[in-house]
Amino acid sequence: MNNYDIVVVGGGSAGLAAAIEANKNGIEKVLLIERDIELGGILLQCIHNGFGLKVFKEELTGPEYAERFVNELKDMGIEFKLNTLVTKINPDKTVEYANAEEGFIQIQAKAIILTMGCYERSAGAINIPGNRPSGILTAGTAQKYLNIDGYLVGKRVFILGSGDIGLIMARRMTLEGAKVLGVAELQPYSGGLTRNIVQCLEDYDIPLYLSHTVSKIVGDSKLEKIVVSKVDGFTPIPGTEMEFEVDALLLSIGLIPENGLSEAAGILIDNRTKGAIVNESYETSVEGIFACGNVLHVHDLVDFVTAESRRAGVAAAKYIKNELIKGKSFETKPLKGINYIVPNKVNIDNLDDKLELFMRVDAVYKDVVINVYGDGTLIKTMKKKHLAPAEMESVKLKVSEISNIKDCIEIEVLV
Amino acid sequence: MKKSMICIVCPIGCHLEVESSSDEFVVTGNQCKRGPVYAQKELTSPTRPITSTVKIENAIYNRLPIKTSGEVPKAKIMDVMKEINKLSFKAPIKCGDVLLKNVLNTGVDIIASRSL
């Protein structure tokens, strides 16, 4: 059985950054495993720009951003396997994978970094009444067809859900000659970045129907028509129906961390993030297995994925070098207004000089205050003009501010 | 004139307040110096970058992603797309290769955004 110090599962933005950073921190035997025919992950189909402003201080497209990391990884001589599917990860840190050349193989790692990313919620998740014709796809699938393979999946398109991929695809399909008739969002606010509402919808006069959903699908073998209704909460309101003749319906209704392998390895999952429960070092509930990027929680910017994955790569390297300190930790708890906080646990002995907590709010807020409590005492207050679930927030705390905390840090939005 | 707008220069999306008169623009709410520049340009002559794909042969995929080297006037986006869709290349192409110079006299080039 081959032995590695660190095995990284998934060669997208998270896996690339984690593998590179672990290697830079003195770990020689790193293996990156990717199931696709090349490294880079979903960035390769995200041909739009807006990537890299934080990491490279310039604006890149997805493929450009990926290529820089792929080149760096190759220049460093880090071993990687393509066309290779990890089939099982075990708590003893053996990894089973399969590919056409080697067959079924088991290897032993000292540490594992999980970077499998996320998957799109699909039609089956939302039970739209009506038929099940062809022409209903997730926005990411339509994006791959268009940007990688060159197929436009429809000429008259409607988009359900205002997640960023849906908004990006509204513009992309318009540029390629399709008519995008509208975007319906169940919530009273958009699920995507405001920037994308402006430059993908408003620029092309594509209407955004907030508090609306697709209430019926019509069509035998092919999609012919959809009915869109205003909703009261989740329930369509009778009498508000609008009909759209369409040949494609794209779904941009959420992303879910891809944790099948993690759960099979016995790793505990956070109900809120759908990612692993991790500590300040991005180590999961199974010692020596780390998680970062969209497999941990869904990010809105790849730059944040890279930053997080670099921290996880450094931490995994420390683990190999026996530099991670075991011991007492306190928890992080979301209170009113906060949907989740990552990481879930903090051992202050493993922090350099500061702790950065990442979180999402549960609704849109204007002119509010975020309060941070340590063991029930207010330790930090931040004024916020605008908070939205689509935009990840963070709190930086100096070690000196949190050195006395025993039980928990709690965060709330004060209206 | 007072106007609220969202800066789209980067994904942060600052909420800008613009107060403009005939001789000056006063912008607040921006987190960086690109905000005021964007606001003024957006209200006078809006431009956008374009990203798309072009045909490529002898590569692992059929499409090569491209971008414009700079921003083109918003009104010319569809015309530039027509020019982009006329292009066809054979691999190998390097990321950054100029595929078409000065598209429709905009002063902007079409550039490969990956190696293929």
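Colleague: Which strand holds Asn99(A)?
Modeller: Asn99(A) belongs to strand β7 of chain A, residues 94–99; strands are DSSP runs of E with at least two residues, and helices are runs of H or I with at least four, numbered from the N terminus. This is a predicted model, where local features need pLDDT of at least 70 and side-chain atom pairs count only at pLDDT 80 or more, while totals for chains, interfaces and linings use all residues. Side-chain values use heavy atoms, without hydrogens and water.

Colleague: Is Asn99(A) buried or exposed?
Modeller: Asn99(A) is buried, because its relative accessibility is 10% (buried is under 20% relative accessible area, exposed over 50%, partly exposed in between, with a 1.4 Å probe and protein chains only).

Colleague: What does the side chain of Asn99(A) reach at 3.2 Å?
Modeller: The backbone nitrogen of Glu101(A). With the side chain of Thr84(A), the Asn99(A) side chain makes a polar contact at 3.1 Å (N or O atoms within 3.5 Å; within protein, one able to donate a hydrogen and the other to accept it, and residues adjacent in sequence count only if both atoms are side-chain atoms).

Colleague: Turning to α3(A), what covers its buried residues?
Modeller: The cover includes β9, β10, α4 and β18 of chain A, together with β5 and β6 of chain B. Among the buried residues of helix α3(A), residues 139–149, are Ala142(A), Leu146(A) and Ile148(A).

Colleague: And what follows just after α3(A)?
Modeller: Gly150(A), with a positive phi of about 85°.

Colleague: In chain B, what is the strand order of the open sheet of 5 strands?
Modeller: The order is β8-β5-β6-β10-β9, with mixed pairing (two strands pair if DSSP finds at least two bridges between them). The edge strands are β8 and β9 of chain B.

Note on methods: Residues are numbered from 1 along each chain as its sequence is written. Chains are lettered from A and ligands numbered from 1 in the order in which they are written. Contact means heavy atoms within 4.5 Å.
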